[in-house]
Amino acid sequence: MQTCKLLSTVTVFLAASVTLFAQTSQTPDEAVRDVIGRFEVALQAHDIKAIEELVSSDIVVFENGHRNDGWPDFRDHHLLPEFKAPRRKYKTEVVRIEATPAIAWAYSKMNRAYVARKDDTPDVWAIYVLRKDATGWRVAMLDWSVRRVE
């Protein structure tokens, strides 16, 4: 019985160690790129729970002159209404990341695949500000500049 408890304790410790090592083995740039990538995937999937895990509770989101202040406002007045529309596929490319061990900014360009056009001009430029807390990197500020496509 004690052998099972010991084995169970060792297994939990090893799993936690591997997770911690994986998190700390990334450079700040890599970790920020990972969070942005997971955030974009969650947006495309309309996955509110996954998005919530990647953003600060006090996130501020700007989009073309409109502001959402805090996670409940962003979720209830931006994401949930937007997620009533069909899912849209798009391609996001992180263009630049500047990161310190505690704070980072990045910007990306997005091209929506459902819009047919001849050029590669982005539909959306996104600017991210991320903070690192005890649980990892979180999106603290987001600014979306959306180009109208006609």
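1. A word on terms: a residue counts as buried when its relative accessible area is under 20%. By that cut-off, Phe 39 and Tyr 128 are both buried. Please keep in mind that this is a predicted model.

2. Searching the whole structure turns up 5 aromatic pairs. In one of them, the ring centres of Phe 39 and Tyr 128 are 5.9 Å apart with the planes at 90°, so this pair is edge-to-face. It joins distant parts of the chain, since Phe 39 sits in helix 2 (residues 28–45) and Tyr 128 in strand 5 (residues 124–133), 89 residues apart.

3. How are the rings of Trp 71 and Phe 74 arranged? Their centres lie 6.1 Å apart and their planes meet at 70°, so this pair too is edge-to-face. Both residues belong to helix 4 (residues 71–82), and being 3 residues apart they are separated by about one helical turn.

4. Trp 71 is buried at 5% relative accessibility, and Phe 74 is buried at 0%. Ring pairs also bring in Trp 144, making a cluster of Trp 71, Phe 74 and Trp 144.

5. Two backbone angles deserve a look. His 46, although not a glycine, has a positive phi of about 55°; this residue is in the loop between helix 2 and helix 3 (48–54).

6. Asn 64 is not a glycine either, yet its phi is positive at about 45°. You will find Asn 64 in the loop between strand 1 (55–63) and strand 2 (66–69), where its relative accessible area of 45% makes it partly exposed.

Methods: Residues are numbered from 1 along each chain as its sequence is written. This is a predicted model: local features need pLDDT of at least 70, side-chain atom pairs count only at pLDDT 80 or more; totals for chains, interfaces and linings use all residues. Side-chain values use heavy atoms; hydrogens and water are left out. Rings of Phe, Tyr and Trp (its six-membered ring) pair if their centres lie within 6.5 Å; planes under 30 degrees apart count as stacked, over 60 as edge-to-face and the rest as tilted. Helices (H or I, at least four residues) and strands (E, at least two) are DSSP runs, numbered from the N terminus. Buried means under 20% relative accessible area, exposed over 50%, partly exposed in between (1.4 Å probe, protein chains only).
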